[in-house]
Amino acid sequence: MEKILCVDDDPSILQLYQEEFSEDGYEVVLAANGKEALIKYQTERPQLVIMDMRMPGMDGIEALTAIFGKDRQASIVINTAFPQYRANFMTWGAETYLIKSSDLGELKQKVREVLDMR
């Protein structure tokens with residue numbers, strides 16, 4: 001079973017990810033911020049990370065930097081409501097950059113594509 005780490009500071013988004021991706025057959029690990037994401041990335045070793053950008057404490061850019069510092073081959077899908085982060089060169093290492101939508105269709109499709117490429 002493929003494992004996905006979902007990182008977002010909004011509990012309702014995390015619950016939605018848990019339900020939707022579990023129904024699609026993935027093992028889902030949740031993190032509410034960047035620091036928690038780093039710990040869970042190291043202990044859970046997910047095949048893919050879905051990362052929000054704007055979070056308290058450690059934001060998505062800092063978390064991306066730390067994850068790529070430990071694993072240059074990490075597969076990360078950015079899913080955020082803030083398009084301005086796309087200009088930050090650290091986001092360029094991600095597999096894709098999506099703007100959040102209430103319809104998870106595009107996100108699910110990208111997750112499947114990225115995992116299929118691995």
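## Ser 22, a residue in between

A residue is called buried under 20% relative accessible area, exposed over 50%, and partly exposed in between. Keep that scale in mind as we look at this predicted model. Where does Ser 22 fall on the scale? Ser 22 has 32% relative accessibility, so it counts as partly exposed.

Ser 22 belongs to helix 1. Setting aside neighbours within four places in sequence, Ser 22 is in contact with Tyr 17 and Val 28. Now try finding Lys 35, which is 13 residues from Ser 22 along the chain. The C-alpha atoms of Ser 22 and Lys 35 are separated by 23 Å.

## Strand, helix, strand

Next, follow the chain around helix 1. Strand 1 covers residues 3-7 and strand 2 covers residues 27-31; the two pair in the parallel sense, over five bridges. Within this pairing, Cys 6 of the chain stands opposite Leu 30 in strand 2. To get from strand 1 to strand 2, the chain passes through helix 1 (residues 11-23), and this β-α-β crossover is right-handed.

## Aromatic rings

A pair of aromatic rings is described by the distance of the centres and the angle of the planes. Here the count comes to two aromatic pairs. One of them joins Tyr 17 and Phe 21: their centres are 6.1 Å apart, with 65 degrees between the planes, and the pair is edge-to-face. Both residues lie in helix 1, four residues apart, which is about one turn of the helix. Tyr 17 and Phe 21 are also both buried. Through ring pairs, Tyr 17, Phe 21 and Tyr 26 are linked into a cluster.

Another ring to look for is Phe 82. Arg 54 lies over the face of Phe 82, at 3.8 Å from the ring centre.

## Two nonpolar cores

How many residues make up the largest nonpolar core? There are 24, and those with the most contacts inside it are Leu 5, Val 7, Met 51, Met 53 and Ile 76. Among the elements that give two or more residues to this core are strand 1, strand 2, helix 2 (34-44) and strand 4 (76-80). Helix 3 supplies the largest share, five residues.

Not counting residues up to four places away in sequence, Met 53 touches a list of residues including Ile 61, Leu 64, Ile 78, Tyr 85 and Tyr 97. A second, separate core has 16 residues, including Leu 104 and Val 111. Tyr 17 and Phe 21, the edge-to-face pair, are also among the residues of this second core.

Methods: Residues numbered from 1 in each chain as written. Predicted model: local features only at pLDDT ≥ 70, side-chain atom pairs only at ≥ 80, totals over all residues. Heavy atoms only, no water. Pairing = 2+ DSSP bridges. Right-handed = clockwise from strand over helix to strand, strands pointing away. Phe/Tyr/Trp six-rings, centres within 6.5 Å; stacked < 30°, edge-to-face > 60°. Buried < 20%, exposed > 50% of the residue type's maximum accessible area, 1.4 Å probe, protein only. Lys NZ or Arg CZ within 6 Å of the ring centre and 35° of its normal. Core = buried A, V, L, I, M, F, W, Y, C linked by side-chain atoms within 4.5 Å. Contact = heavy atoms within 4.5 Å.
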